[in-house]
Amino acid sequence: MREIKFRAWITGWPKFNGEDRMLDVQTIWYLDLDNISIEIDDSVCDSDFKLMQFVTKATNGDSVYEGDIILLPADQLCKIEWRDTGFVAIAINPPDGYPREYVYWSAKEVVGNIYQNKELL
């Protein structure tokens, strides 16, 4: 059975004195597209946050989420994004310069994410 879990990149939440944090989400309350709240550490957050869905596990055991930057077995860095058909790995600086999207991919490891490691993009 597929594991379903989320994490959130939270910006400006008073509980953390406005510090940005990446945290696991316990519960999601969805009323409509403009009214979503999440529960983290037994507190409700309706501040600015970006939800990221769990995708799979890397070969080293790391959890891979949407928005992660991964290393493929061929040592290619990719960022994980949702497309209409599913999650894809988009090559970052491919060696030949041509854009690449991998539909079938296997992550060797997670090296960062698009929020905390912008220097990798």
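A search of the whole structure finds zero disulfides, a disulfide being a pair of cysteine sulfur atoms within 2.5 Å. Cysteine 45 is buried, at 0% relative accessibility. Cysteine 78 is buried as well, with 0% relative accessibility. Buried here means under 20% relative accessible area, exposed means over 50%, and partly exposed lies in between (1.4 Å probe, protein chains only).

The model is predicted: local features need pLDDT of at least 70, side-chain atom pairs count only at pLDDT 80 or more, and totals for chains, interfaces and linings use all residues. Residues are numbered from 1 along each chain as its sequence is written, and side-chain values use heavy atoms, with hydrogens and water left out.

The chain holds zero helices and 12 strands. Helices (H or I, at least four residues) and strands (E, at least two) are DSSP runs, numbered from the N terminus. Read from the N terminus, the elements run β-β-β-β-β-β-β-β-β-β-β-β. Along the principal axes, the C-alpha atoms fill a box of roughly 45 × 35 × 30 Å. Of the 121 residues in the chain, 36% are buried.

Strands β3, β4 and β5 form an open sheet in the order β3-β4-β5, with antiparallel pairing. β3 and β5 (43-45) stand at the edges and have a single partner strand each, so one side of each lacks a neighbour in the sheet. From one strand to the next, the twist averages 20 degrees. Axes for such angles are lines fitted to C-alpha atoms, for helices over the stretch in contact, and the angles run from 0 to 180 degrees between N-to-C directions. Two strands count as paired if DSSP finds at least two bridges between them. Strands of a sheet pair through backbone hydrogen bonds, either parallel or antiparallel.

Strand β4 (residues 35-40) is joined to β5 by three bridges, and the two run antiparallel. Isoleucine 40 stands opposite serine 43 in β5. The loop between β4 and β5 contains aspartate 41. This residue has a positive phi of about 50 degrees although it is not a glycine. Aspartate 41 is partly exposed, at 44% relative accessible area. Aspartate 42 is also placed in the loop between β4 and β5. Its phi is near 60 degrees, again a positive value in a residue other than glycine. Aspartate 42 is exposed, with a relative accessible area of 64%.

Strand β3 (residues 27-32) contains tyrosine 30. Tyrosine 30 is exposed, with a relative accessible area of 51%. Together, Ile28, Tyr30 and Leu33 make a nonpolar surface patch of about 340 Å². Patches are made of residues with over 30% relative accessible area and no salt bridge; like charges are joined within 9 Å and nonpolar side chains (Val, Leu, Ile, Met, Phe, Trp, Tyr) within 5 Å. A salt bridge is a side-chain nitrogen of Lys or Arg within 4 Å of a carboxyl oxygen of Asp or Glu. Accessible areas come from the Shrake-Rupley method with a 1.4 Å probe, and for residues only the protein chains shown count as cover.

Strand β8 (residues 68-71) is covered on both faces. Asp68 and Ile70 are buried on one side, Ile69 and Leu71 on the other. β8 pairs with strand β12 (residues 109-113) in the antiparallel sense, over four bridges. Aspartate 68 has asparagine 113 as its bridge partner in β12. β8 also runs antiparallel to strand β9 (residues 77-83), to which three bridges join it. In β9, lysine 79 stands opposite isoleucine 69, and leucine 77 stands opposite leucine 71. The hairpin of β8 and β9 has five residues between the strands. Within that hairpin, aspartate 75 takes a positive phi near 60 degrees.

β9 is in turn joined to strand β10 (residues 86-91) by six bridges, and these strands run antiparallel. Glutamate 81 stands opposite valine 88 in β10. β9 and β10 form a hairpin with two residues between them.
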